[in-house]
Amino acid sequence: KMTQQMRDLQLAQARKPPGPSSPNAAKRLYRNLSGKFRVNYTSFDESSLAGRGEKEKLRKSYLFQSNAALFEAVELQDLDRVQELLKQYSPEELDLNTPNSEGLLPLDIAIMTNNAPIARALLQAGAKESPHFVSLESRSLHLSTLVREAEQRVNELTAQVVNEAPNVDCSEKEKQLKAWEWRYRLYKRMKAGFEHARVPDAPANVQLSVASSSSVQVTFWEPLSVNSAVVTKYKVEWSCSPTFSPLLGEAVIDKLKNLHFTIRGLVSGTAYYVRVSAYNMKGWGPPQASVPPFAIPSNWREYDGRAPRRRGQAEALDHLLGQVKTVHQHCVCHEPCKNQPQSRKHSVSKSLKHLFHPGSKFLKTLKRGLYLTAIFYKDDNILVTHEDQIPVVEIDDTYSCLLMQDFLWFTKVSCMWDEILWLRQCVTVSQSSCSCILQTRFKMLLAISQMQGLLGIQDLGQVFFEPVKDKQGNILIVTLKEVKTNQTFESVRWVPICKLQTSRKSVSSPEEPTALDTLLISIQDKLAYHQRSGHALSPGLYLGYLKLCSAVDQIRVLVPERLPNILCHVKIRSNPNISREEWEWLQKMASVEEAVPAEPEAETSQNHLFQELQVAIKELMTLVNIPLQEAKDFRLYSQEVLDFGGQVSFLLLLPPSDDVCTAPGQNNPYTPRSGFLTLPLQIFELGEAG
């Protein structure tokens, strides 16, 4: 069969121009392909193609050249070119797993020439070994046949070149001879690589952890020895017996981008032993048992049978809101102007007229009062009015001091942008002592409705954690929203942020800028805050640091600027689950009776958590600028593990009781380095919930 394949190849070469006669010729082919074929075939002048059939033929030719270029790059051990082709084309376009006329795949050539970097690049792209190699004997026979027939072809061409007089045919045969000599050397190198290879060593650093009440996760590294052939797959086996007899299951991992595997469908409370072995072209190597040797699927909640804190809360709140809406469905309290004091009637009527008057528009300048501004941005552009102003509407022109409670109420309203009309109907302005508060909040709802109507959009985004103020008595509540699609807005247009900042004519002095000028100056910082507050943590278990400080009207919490919706933190490990055994150990460590618990036994999950916590605490103390000797007085919050969506969980590190919350005027000897800010606690809770 192989002889027939080689004859077919020779006939094909006789019918077409010869291939590259040397590595240099192959490199010239790469350069030609780079310039000639590295374009999108649809960019050709379609008028020059005779219909779809011609375009499809061109496409197939284009992809065939890409496949040939990949084989040449692997044979020449050109890693850069291989990576370029893998990035430029999909595995399907490259025919990555279709054998060539010699029955070889690119991965076969890479591993039999022991080119580990190219083999790893191909494996991560999804490359497989040739299905023709069903045994060691078949691979050995195949390589011997390739070497023998290549040697035979070299001898034939050598005799023809020596015996024939110099002519055009002789020159062509000399080129073929050089190409076959080079291929003969390649096959000999592949055969030698196979013969000298040995089975791989056991995988290194095989770690076992509890992933949930019904699963365990095993992670591992490549074998540390580099004297064997490239590993192309791994096998994970598990059993309830340390002798692995009987075997409960096994899984082969041939996608080697991430060396880990989760064994699911296990029985909670049962011990499972796990081992991992590696495979190369010489076969399976010895297995490596995990550390710890077994794991018991469980979760920390099983320690005392505690149910998730938030179970059913979202559904209960939705049900409660639905009940409230039903009660107010036929309410006539949407006519607040009838119940208000005479002194306020004119102001509210004026606001209503301004809202529904066809001439309603955004404000150009601020007078002493409370205002709402909405910042919509996309890439480096921002929405502005036709007068090149950031959209601003008035809330109250007689309100010069924004109470924190009113601002926090506004931030809660931002969770219900679609319900503003209903909220306006429910907020009645009474004649009680609290009427001034209701007046302000009703005006906030009116301003929101006005902004929504002028922009033609309901969702105004996220409220910035503090209003912008100036010495003239102006207060700006700022909302921020990133636009990722081509949304249509009314009465506004897009302009580059840098153009808006440079073209705006300030009406204030640098010493006392207006709230609008301050907003423009700091707009990049606010956009960065908004983007960072939407980022999520990667899955894992984290150690968080809870530090509060109180003021007259609020409590603030310390957060990192790079992720302001999460407490200061460091990552403990990638597995977010805390097992029952680990939680039991943490409870003992936190108990008063055992103030200094003994270090857990080696090769147990508790010992691994102990070591991981030691590293995390040192890293966290450095992060928040607290001397490590002070950490001896800190405590781990032992009431619960904070779960966020099942993929992220937190253990909390608390300062001593007297230092959890710094009171006004109290000296804090350890100030965190730059990169932190303090948010009002309610703002942080809204961000964390989002």
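This predicted model has a mean pLDDT of 81 over the protein, and 79% of its residues reach 70 or more. Over residues 1-50, however, the pLDDT is below 50. The protein has 20 helices and 24 strands, and buried residues make up 43% of its 690 residues.

**Confidence along the chain**

- The stretch of residues 1-50, where pLDDT is below 50, has 56 contacts in the model beyond near neighbours in sequence.
- Residues 333-359 also have a pLDDT under 50. For this stretch the model has 33 contacts beyond four places in sequence.
- Where pLDDT is low, the predicted coordinates should not be read in detail.

**Contacts and nonpolar cores**

- Among contacts between residues at least 6 apart in sequence, 73% join residues at least 24 apart.
- In soluble globular proteins, nonpolar side chains tend to be buried together.
- The largest nonpolar core in this model has 77 residues. Those that touch the most other members are Leu372, Ile375, Phe376, Ile448, Leu455, Leu476 and Ile477.
- Helix 14 gives the largest share of this core, with nine residues.
- The core lies between domain 3 (369-534) and domain 4 (540-591 + 604-688), because both domains give residues to it.
- Another core, of 64 residues, lies apart from the largest one. Among its members are Leu85, Ala150, Ile253 and Met281.

- Helix 4 spans residues 79-88, and its buried residues are Arg81, Val82, Leu85 and Leu86.
- These four cover an arc of only 135° around the axis, which puts them on the same side of helix 4.
- Asp80 and Lys87 are exposed on the other side of helix 4.
- In helix 17 (residues 523-532), the buried residues are Ile523, Lys526, Leu527, Tyr529 and His530.
- Seen down the axis of helix 17, these residues fall within an arc of 155°, so they line one face of the helix.
- An α-helix has 3.6 residues a turn, so residues three or four places apart point the same way.

**Salt bridges**

- The structure holds 16 salt bridges.
- One of them joins the side chains of arginine 153 and glutamate 156, with 3.4 Å from N to O. Both residues lie in helix 8 (residues 136-163), three residues apart, about one turn of the helix.
- Arginine 153 counts as buried, at 12% relative accessibility, whereas glutamate 156, at 33%, counts as partly exposed.
- Lysine 191 and glutamate 195 form a salt bridge in which the closest N and O atoms are 2.5 Å apart. They are four residues apart in helix 9 (residues 168-196), so about one helical turn separates them.
- Both partners count as partly exposed: glutamate 195 has 45% relative accessibility, and lysine 191 has 21%.
- Aspartate 459 and lysine 481 meet through their side chains in a salt bridge of 3.2 Å, N to O.
- Aspartate 459 lies in the loop between helix 14 (435-455) and strand 12 (462-463), while lysine 481 lies in strand 14 (residues 474-482), so the pair ties together parts that are 22 residues apart in sequence.
- Aspartate 459 counts as partly exposed at 31% relative accessibility, and lysine 481 counts as buried at 17%.

**Proline 560**

- Proline 560 is in strand 18 (residues 555-560).
- At 5% relative accessibility, proline 560 counts as buried, because the cut-off for buried is under 20%.
- Leaving aside neighbours within four places in sequence, proline 560 is in contact with Ile566, Leu567, Cys568, His569, Gly675 and Phe676.
- Leucine 623 is 63 residues from proline 560 along the chain, and the C-alpha atoms of the two are separated by 9.9 Å.

Definitions and conventions:
Residues numbered from 1 in each chain as written. Predicted model: local features only at pLDDT ≥ 70, side-chain atom pairs only at ≥ 80, totals over all residues. Heavy atoms only, no water. Buried < 20%, exposed > 50% of the residue type's maximum accessible area, 1.4 Å probe, protein only. Helix = DSSP H or I, 4+ residues; strand = E, 2+ residues; numbered from the N terminus. Arc of directions from axis to C-beta. Salt bridge = Lys/Arg side-chain N within 4 Å of Asp/Glu carboxyl O. pLDDT = per-residue confidence, 0-100. Contact = heavy atoms within 4.5 Å. Core = buried A, V, L, I, M, F, W, Y, C linked by side-chain atoms within 4.5 Å. Domains from an automatic or database assignment.
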